[in-house]
Amino acid sequence: LALLEKTARALNHAHDEGLVHRDIKPHNIMVTPDGEPVILDFGLAHDEETMHSLTMTGDLVGTPAYMSPEQLLAKRVTLDRRTDIYSLGATLYECLTLRPPFQAPSREGLYQQILASEPPDPLRINPDLPDDLAVVLATAMEKDRNRRYQTAEDFAEDLRCVREHEPIAAKPAGPILRARRWAQRNPVVATSAAALFVMLAGGLGVTAHFLGQTAAALDVATAERKIAQEERDAKVSALSK
């Protein structure tokens, strides 16, 4: 934790200078003989203000296992410092569990997991981890970058709090957000459960107006999920080519 905290602070310094690394991973964090971490290989870095690649151009750069979801979208999304925070979170995940957060037999499968799945609960892999550390990991690796740590310094501070047994700033996902994520991962089951609820509610005398609104909402939600899945499949197919 101390090493990754120092790494996060160094990364924040690079970000403050306007640089986004875009390839944070274990192999690019070296430790000096006196135990200090050093971030190497800024070969894929770009200027955050101008979005100009410093050394190369291309639609997809970085190491897939540690890429943020938005990084997989290539030029469709403007990358900023938060993509490095995700990658550092993925690096921390591997340091704590001895496995990367996502594994798949194919690159397409790996992309699909990063875009649409949650990593395995680190507490199940390593029960000795503090609960707060699992919250820190989840915050660093949020798929929604607006819910992620907004700066590497914020990430570093929560790592310090975990080390020193102080309250962390990050908060675990609430029940509504957890339910929404579960529904996104299990659309068929979620739709069936919602339909069953509507049927039971009707038997209890809920108004026809409410039932109609709920059914309409279900139809919209189903259509949105279908469109989102088709978009994800198209993105994965395009990336694989």
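These legends accompany close-up views of one predicted protein model.

**Overview. The protein has 10 helices and 4 strands.** Helices (H or I, at least four residues) and strands (E, at least two) are DSSP runs, numbered from the N terminus, and in that direction the elements run α-β-β-β-β-α-α-α-α-α-α-α-α-α. Of the 241 residues in the protein, 39% are buried, which here means under 20% relative accessible area with a 1.4 Å probe and protein chains only. In this predicted model, local features need pLDDT of at least 70 and side-chain atom pairs count only at pLDDT 80 or more, while totals for chains, interfaces and linings use all residues. Residues are numbered from 1 along each chain as its sequence is written, and side-chain values use heavy atoms, with hydrogens and water left out.

**Close-up 1. Helix α1 packs with helix α3.** The axes of α1 (residues 2-16) and α3 (residues 81-97), which are lines fitted to C-alpha atoms over the stretch in contact, lie 11 Å apart at an angle of about 165°. Angles run from 0 to 180 degrees between N-to-C directions, and this one makes α1 roughly antiparallel to α3, a term for angles over 145 degrees. The contact, meaning heavy atoms within 4.5 Å, involves residues of α1 including Leu4, Leu11 and His15, and residues of α3 including Arg81, Leu88 and Cys95.

**Close-up 2. Helix α4 spans residues 107-116.** Its buried residues are Leu110, Tyr111, Ile114 and Leu115. Seen down the axis of α4, these buried residues fall within an arc of 130°, so they line one face of the helix; the arc is that of the directions from the helix axis to the C-beta atoms.

How values were computed: Buried < 20%, exposed > 50% of the residue type's maximum accessible area, 1.4 Å probe, protein only. Parallel < 35°, antiparallel > 145°, perpendicular 65-115°, else oblique.
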